[in-house]
Amino acid sequence: MEVKDMVFLLEKTIEELKMEDNWHAEELEKRMRDFCDRIGTKTKILFMLLRIAETGSKVSPPLFDTFEIIGKDSTIRRLTNCKKYLEAIE
């Protein structure tokens, strides 16, 4: 996957997550799976990108449990920081 594709996915994911008021793992996973269907990307591609952006690692506790525990503001901030980093190297 090219850097520009990762930036696009992060940008659209951030927009999607900002609209979510029910910040619970089950709801977040459902929303992100529906989002993948709408934009035509595989969940394994998006979820790995989000895992790395959120935790800095390919291995972590369950992704959406991590989102829930870290919280909405911190999650969006981490994804935004990753997007900015990728834009800088693009």
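Helix H5 covers residues 72-89, which is 18 residues, and it reaches 26 Å from its first C-alpha to its last. That is close to the 26 Å expected at 1.5 Å a residue, where the expected span is 1.5 Å times one less than the number of residues. Helices here are DSSP runs of H or I with at least four residues, numbered from the N terminus.

A word on the source: this is a predicted model, in which local features need pLDDT of at least 70, side-chain atom pairs count only at pLDDT 80 or more, and totals for chains, interfaces and linings use all residues. Residues are numbered from 1 along each chain as its sequence is written, and side-chain values use heavy atoms, with hydrogens and water left out.

Which residues of H5 are buried? They are Thr 75, Ile 76, Leu 79, Cys 82, Lys 83 and Leu 86. Buried means under 20% relative accessible area, exposed over 50%, and partly exposed in between, with a 1.4 Å probe and protein chains only. Seen down the axis of H5, the buried residues fall within an arc of 125°, so they line one face of the helix. The arc is taken from the directions from the helix axis to the C-beta atoms.

Those buried residues pack against helix H1 (3-18), helix H3 (43-55) and helix H4 (63-70), with contact meaning heavy atoms within 4.5 Å. On the other side of H5, Asp 73, Tyr 85 and Ala 88 are exposed.

Now the cysteines. Cys 82 counts as buried at 16% relative accessibility, and Cys 36 counts as buried at 1%. The closest cysteine sulfur to that of Cys 82 is in Cys 36, 16 Å away, too far for a bond. With a disulfide defined as a pair of cysteine sulfur atoms within 2.5 Å, the count is zero.

Definitions and conventions:
Helices (H or I, at least four residues) and strands (E, at least two) are DSSP runs, numbered from the N terminus.
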